[in-house]
Each structure stands twice: as C-alpha cells, then as structure tokens.
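Good morning, colleagues. Please have the sequence and the structure open while I speak.

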Amino acid sequence: MLNIKMTGMFILAMALAIVAYWSGLSEAVSRWGNQEEYSHGFLIPLVTLFILWEKRHIINAAMGPPLWSGVALIFIALIIFMIGEISALYLLIQYSFVLLLIGLSMITVGRATKYTFAPILLLLFAIPLPYVVEVLLTAKLQLFSSWIGVQVIRLFQIPVFLEGNIIDLGVYQLQVVEACSGLRYLFPLMSLGFIAAYFYQAAFWKRAIVFLMTIPITILMNSFRIGVIGVMVDNWGISMAEGFLHDFEGWIIFMACAAILFLLVVLLEKIAPSHKTLSQLFGVVEHAPVNRMFSNTGKTYSYKPFIIVITILVIALFATRFVDSRDEVVPEHEGFISFPLQFDNWIGQHEKLDERVIDKLGMTDYLFVNFTGVDQNLVNLYVAYYETQRKGVSPHSPRVCIPGGGWEIADFRRDKVNGHPINRVVIKNGDQEQLVYYWFQGRGRTLANEYLNKWYLFNDAIFENRTDGALVRYVTPVSPGETLQDADARIQSLMAQTGPELQRYIVD
C-alpha cells in the first residue's frame, strides 16, 4: 500500500505534469466540447479512474519496488513533449502525456503496472485526430457510407441516383454531410469495444475480434441508417431527415451497435466456449497473493526514481514556459485584396467565399479569382494563406476535399512544369470534366507532396520558428471538343503570368 511520502511525491509529480502539459490537455478538452465526434472524451478519464478504483485491491496486492525503466520511459515522453511544444503539434503532447502516465505507474506501483496499463491506454481514445487525418477519414467515410446507403435504398425498389455524397431520390435530394460520415459513432464505439475487450475474460484472439469488429459494425450500421432515412424520406417526406427524429435515429443506431457488440461476444462463446458464466466472463474482481513485505513495511522502496522524475518535470516545465514565451516569426503579408486582376490575355474578377467556409478552413487570408482569357475560357485561381499553422489549422489538400463535392478523381499524378512541382488532377462529375493543378508554397519552398510539406512544416517550426505557408490551386473546365492538353496549356499560361506576382504575397 502506498505510504504518505510516496503518495505526496506522486501527487506532486502529477501536478507538475498537468501544469506542463496544460496547452495540449486544454486543446483536447476544447475539441471534446466543440466536436460531437469527440464528445465521449469527457467520459474516458472517468472510466479510467473507475477501472483503477475497481482494481485498487489487486494493484495494492501486486505492488513491488519501482521499475527504473519507468524513469527512462518518462524521459522519452518528455522529449516527445518538448518536440510537441516547440512545433505546437498537440497530438505529440497528448500522446506523450499518456506515455508519461504509464511511466509514473511503473515507478509508483512497480510490477502492478500490468493492471494499470490497459486503463491508462484507454485514454488514447480521448485524443482527437489531427485535422488533416480527420478530414481525409471523414471524406472517405462519407463516400463509402453514401454508397452503402444507396444499396439499402435500392433493396426497397426505390429509384435513386448517387452523385458523390448526394443521394438523389428525384423529388428529394439528401446530402451525406460530414456529421453523417460515421465518425461520431466510430470513436465512442471503439472506446466501448476496448473497454469490453479489457473486461472480457477470454483468449486474446476473442478480445481482439471484439475490439476490431467495432469498425465495420459502425460503418455498416451508419450506412444502414442513411439508407433507412432515404426510404423514410421517399415515403413520408423530407421531415424524416431533419430535427429531433434525425438525431433520435442516431441514438438508436448507436445502441444497436452496442447490442451487436454484445451479440458478437455471445457468438464467440458459442463457437469457442470458455465455460464461464456471464458474470465470470466480465468479472471485475480478481485475486492475487499479497506481497506483505512490500505492502506492509515499504522497506524495499526507493524514492530515487521519483526524485529524478520530479526534477526533470520541473526542468521540462521551465523549458516549455521559455518556448511559450518565444514569439513565432510571422513575416509581413500583403493582403490579397490588392492582387492584380489584369494580365496579358487575362481579366480577373474577385469572388467571395462563404463565411462558414472561411471559419472552417481557418486561413489568415485568401485569393479566389476567376480569370477569363481572350478565348472566353475560364481558369479559377485559389490561394489559402496561413500566417501560422501551429494551432492545428493548415491548408486542406484538394485531394481530400474534391471527392466530397461529388467529383471523382479520374487521374492523379505529380509532375513538373518548367521545373515547378505540381499535383495534376483530372476530376469528373458525370459528363463534366475539370483539370486541377495544386501545390504547397511558403518559407522558400514549393512542394507538391503533402507529406513532405508536413515534414518541412515540422522542421521549420523547430529550427526557423516559422509555420506560415499557403496552398495554391488552379482549376479550369475541360470544354466539350477540347483535349486535356488544351486545358494544360491554359493553366500553364496563367501560371506563367501570375506566378511572379504570387511571390509578393507568399513570403520566402
């Protein structure tokens, strides 16, 4: 059992950790409150504490001397934490905190960490995904859920047409928006699956199946929900897809997913019986021999690991305060409102984006201009500029966003135009076809590869203290009777004339 001195040192270490990690922890809590996909995050720490409380007797019984490997793990966690603080990558800070908790467990309860390990790992399901991964996953799930939903509607002999994530029922059109992608069910159900697998007293392969099956169950049930809504709308009108009824259907589907998870356990026990009752299969109480020498006297305990950990936590805390006080280098940016609209053979007109779109993208400034050539063909130039990308906002890759608008990527390749790296994308929507060029530009680099751009963003945040940058995109329709080479020539003509001007607005 923990003595008073050890308890005090543990509380001090936890307090220092929470203060040091505050920026990353508060960012996670903010997203729990603002994004329904992560609203379950408020419950996860409580569930972790409940499990640890339920296991307190077996943890006390199995306690042993501190594991020095825990000190090494905490040291690694703090290195990751410092990298996360310098680059303001909240994901690194949040994962580092979970790693630190495991390390603290190792130096507090020793070998009994085998009973605290899984409850602490549960906290990983409360950590929000990076925005770039979330956008990509949402777009993929929207399209897949829409397709499965349409198959369900067709089972009822209802004529339906799918265009991207738009379900066309003739009189009514349903759009499978981001909120209906299934993410708001996926993360809570994966958490529930992890908890069920943890308490499930069975072979590891059974537990793995219970956890992993939460993914297809959620996706298929969400798609089924979309299909059912389509059938109800076709029979009783658009009110079936709105308001309270729409939200209530979501709760029904989540409860159905949980019920299917329980039935899966029953099925596994039918296939490979464990010969246990239900209470035994999900029993919480476990028994272990008491290590009386350690738990009663505490004579074998060394406080050196805690002293070392508290010392490096204090150093990390002061180091982060220095990093936080360091002002990021933000170069002066000339507003795009002054971008010229007249070039040889081209006349442009500024267009405005919807305020909701601007808020969603989180950009500092943008350029959205339709240029018309002497041949009356149009090329759209869009530039999204970010003076800082340290707060989790960054340009959304067109490769991610294009499919959600009903367009399909017919051809994608990376190329160079006069030594300029580009992503060249051919997109189609029915009979319509467009050609897209895009790349990422800033801090003296022009890159086509999204992942390479992320690496340099991370590198420059650390060594240059800069994260400004922009997405540059050109789009032109491919008119009937013309070739893709004609569209290529059109974009490249405008690129050659507008490129030098862009250098004034995207600072190297």
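Does Phe187, at 12% relative accessibility, count as buried or exposed? Phe187 counts as buried, because its relative accessibility of 12% falls under the 20% cut-off. Please bear in mind that what you see is a predicted model.

Let me stay with this residue and turn to its partner. The structure holds 15 aromatic pairs. In one of them, Tyr38 and Phe187 are stacked, with 5.3 Å from centre to centre and 15° between the planes. Tyr38 lies in the loop between helix 2 and helix 3, whereas Phe187 belongs to helix 9, residues 183-199, so the pair ties together parts that are 149 residues apart in sequence. Tyr38 also counts as buried, with a relative accessibility of 1%.

A further pair is formed by Phe339 and Tyr505. The ring centres of Phe339 and Tyr505 are 5.4 Å apart and the planes stand at 55°, so this pair is tilted. Where do the two residues sit in the chain? Phe339 is found in the loop between helix 15 (304-325) and strand 4 (342-343), and Tyr505 is in helix 19, residues 484-505; the pair therefore ties together parts that are 166 residues apart in sequence. Phe339 counts as buried at 3% relative accessibility, and Tyr505 counts as buried at 0%. Both belong to one aromatic cluster, which is made up of Phe336, Phe339, Phe343, Phe371 and Tyr505.

I now come to the nonpolar cores. The largest nonpolar core has 62 residues, and those with the most contacts inside it are Tyr21, Ile74, Leu78, Phe81, Leu100, Leu104 and Leu313. Helix 6 provides the largest share of this core, ten residues. Which residues does Ile74 touch, once its neighbours within four places in sequence are left aside? Ile74 is in contact with Leu100, Gly103, Leu104, Ile107, Val309 and Ile312. There is also a second, separate core of 28 residues, which includes Val379, Val383, Ile491 and Leu494.

Next, the empty spaces. Rolling a probe the size of a water molecule over the atoms shows where empty space is left.

The second largest pocket has a volume of about 1,100 Å³. It is lined by 33 residues, of which Met14, Thr48, Leu49, Leu52 and Leu101 are the closest to its centre. Two or more lining residues come from each of helix 1 (4-20), helix 2 (22-34), helix 3 (44-54), helix 4 (56-62), helix 6 (90-108) and helix 7 (113-121). Helix 6 contributes the largest share of this pocket lining, seven residues. By class, the pocket lining has 24 nonpolar, eight polar and one charged residues.

How many cavities of 30 Å³ or more does the structure hold? There are two. The largest cavity has a volume of about 80 Å³. Its lining includes Gln389, Phe440, Arg443, Asn453 and Tyr456. At least two lining residues come from each of strand 10 (432-442), strand 11 (445-447), helix 18 (450-463) and strand 12 (469-477). Strand 10 gives the most to this cavity lining, with three residues. Five nonpolar, five polar and two charged residues make up the lining of the largest cavity.

Thank you for your attention.

Note on methods:
Residues numbered from 1 in each chain as written. Predicted model: local features only at pLDDT ≥ 70, side-chain atom pairs only at ≥ 80, totals over all residues. Heavy atoms only, no water. 1 Å grid on protein atoms, 1.4 Å probe; cavity = no way out; pocket = protein on both sides within 12 Å on 5 of 7 lines; lining within 4 Å. Points joined across faces, edges and corners; volume = space filled by probe spheres on them. Helix = DSSP H or I, 4+ residues; strand = E, 2+ residues; numbered from the N terminus. Nonpolar A, V, L, I, M, F, W, Y, C, P; charged D, E, K, R; others polar. Core = buried A, V, L, I, M, F, W, Y, C linked by side-chain atoms within 4.5 Å. Buried < 20%, exposed > 50% of the residue type's maximum accessible area, 1.4 Å probe, protein only. Contact = heavy atoms within 4.5 Å. Phe/Tyr/Trp six-rings, centres within 6.5 Å; stacked < 30°, edge-to-face > 60°.
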